[in-house]
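Here's a quick briefing on a predicted model. Have a look at the fold first, then read on.

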Amino acid sequence: ARFASGLESRDEGDGNDEESKLLLGPIFRERLPSKFKFKRDALCVNIVSPASQATLLRLINVHLDSLEDIERHRPEQMKILADVLRQPGCGRRLVAGDFNDIGPQDKGLLEKNKLVDAWIKLYGTTGSDGNTWSVGMLWDDGLKPGRLDKVAMFGASIHSNDKLPSRVPSKDLGRLQQLVDTPHAEHVDTMHHALTIPEVMQMILSSGVSRGTKRNAALTCRSWKEPALDQLWRTLDSIVPLLRFRPSGRDLLPNLRQFTFDASYASRAVDTLPLFLPFLGASLVNIELRAVDPVQVSHFLGYLAARSSSIQDLKIRWQESSSSHSSDALAFCLRQLEKLKFLDVSSIHLTPSVWDAMADHRNLLFASFSTKAPAHVHAITGFRAKVFSNLERLILQANYDFLGNLFSSQDELPTLTRIVFEGAAAEPQRKDFGRICELLSQKLPNLDFVWLGCHSNEGQGEEGITFQEIRPLLRLPKVRLFHVEHPCGVSLTSSEVGELLDAWPRLTNLALQYSDDCVDSRGHRTSIRQKIPPLPLSVLSIVAEKRPQIKELSLILNAKTPRPMPAPVVRAQFEALEKLGLSLSFPGTPTDVASYLVHLFKKRITLNFIIPKYIPGNSSGIIKKHETEWHEIGEYLSVLLNQKERLEKEFGRRLEEERARHARELRAAMAQTSFTTAHE
């Protein structure tokens, strides 16, 4: 019989007898249990008939564990092989390879699994020894030839077998010993001599072969080892192989103070992060983990506190999914890191266990929890009233009903001076937003930094944030920065802005603008809902009069005017303003608006037209036009400011000249007066 890969491979002259042709059928790998890293698999090949497509022969090749001091898997391995041979639909079945008996307990495994040893079938148990390994070789350690390979059959018979000689004539022993003592490169076949040249192997292994091939080449023979290892270690896709050679019992970098790990650049990130633990010693102060798996970090945090108790800044950017185990691990880590001052985590909920750990911490100054959850997710409850020792800044990205539940359960938190809340309104007409403002005025009396971002999920009829919802915050006299944003903007009048400024004498930053991010009840992104703003451009004069020291200002303005706008009646100016942001403001005639603005600024400023990421499709053209018009206003304003600066410079120069002239005339007059007096 002959073998072929398919019927189409038959050429003319091969004959028409299909019975003389055998085809390769399915080839598959059978996993076998093993203690070795690279496992012990069985290669299974089916030989089929082209006429009936029936499996005539199943061949299995194996190399099983052969050391006595390892965990024994031989009985289970042989049972699996026997089951594969006995699968229905096969004709004759053979398993061949290195699976000799290791110990007395292995004898009888073939009979137990109803397999037939081909050697014993031919020669019996008292026949020739049937050596297959080290025939005719002499070893210094006393090893002798043995039958390490077997052929086991099921449903097949054997008729003859060519045996290797068990003894070598004495006249050939000298030659055999010479072969044993001679390096491999000197007695390989002539056609293989080129492969023993290191430069040739370097060229072959550097021509795009896989790392697995380079590794196998290094394990093949001594002459290939060094060239293959050179190519294998020439480039590394990861630092992991080097980390596996780390010394144990001491820190690799005893003076390391900052450590950053980004799992998005690491292969097999789940196994990589723990390998960096030897780098993290007592000197570590700052640690940042990016795009890491919650389960992976949970185990990592458990060891972190024991190795690096001096950490002061911990930043973790989890993947989108997180679990309660992550919160528990974070709470445990907080209790162990006594020197921690700054905590910044994402994609994890602030749970009662974490809140309690933060309250018990004596040095924690800053905490940030960024978790974007849709409004329909139920709020976490179970918070208990706590008193913080030093916590000053808190950033929470959560639903507003969650924030309400959190702060309604607390007493006064006098240490908190800065808060940033971003979330979605969960109740109709945003009652939860007004509730948050009322709670902040009651629970946080020392607030000076207030950032409230509302990503509402309400319908098209929703209005913007009103002054009545903000009014409770006017009871906080120390506010220096106030930022509010909403998908429908912030609806305040000029008089209400004036009342807000009167309540906050320390205010230096004010922002009332559209939200840059909007979601619906299912967490899907939606667009902002723009409308004509109620604030006129003249409100800037009110702000300049009441708070001339303000540094940054962002408002939603209506700057449209039917006729040229007069200069401000009150010549109040912004003395320290650096940036003026206009959130989807309606522009007027560029020259008129610029002429009005130039009188308000004592120094040059940056004028920005703020456009949210998500805007309605039918409004994009109008908003783009508004942006162009505000850009023209900025250009006119720059020209006017240049003129103003030149006039002020010229006026200053002439003023100095006049002062100098008057000084000269005064000195001359005084000199004349002194002379006359002396003469008299």
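Buried means under 20% relative accessible area, exposed over 50%, and partly exposed in between (1.4 Å probe, protein chains only). Strands (E, at least two residues) and helices (H or I, at least four) are DSSP runs, numbered from the N terminus. In this predicted model, local features need pLDDT of at least 70 and side-chain atom pairs count only at pLDDT 80 or more, while totals for chains, interfaces and linings use all residues. Residues are numbered from 1 along each chain as its sequence is written, and side-chain values use heavy atoms, with hydrogens and water left out.

**The chain overall**
- The protein chain has 19 helices and 22 strands.
- Of its 680 residues, 42% are buried.

**Strand β17**
- β17 (residues 481-486) is largely enclosed by the rest of the structure, because 6 of its 6 residues are buried.
- Leu 481, His 483 and Glu 485 point one way, Phe 482, Val 484 and His 486 point the other, and all are buried.
- As a rule, side chains in a regular strand alternate between the two faces of the sheet.

**Its neighbours** (strands pair if DSSP finds at least two bridges between them)
- β15 (residues 449-454) pairs with β17 in the parallel sense over 5 bridges, and Leu 452 has Val 484 as its bridge partner in β17.
- β19 (residues 509-514) also pairs with β17 in the parallel sense, over 6 bridges; here Asn 509 in β19 stands opposite Leu 481.

**Elsewhere**
- Leu 24 sits in strand β2 (residues 21-32) and counts as partly exposed, because its relative accessibility is 48%.
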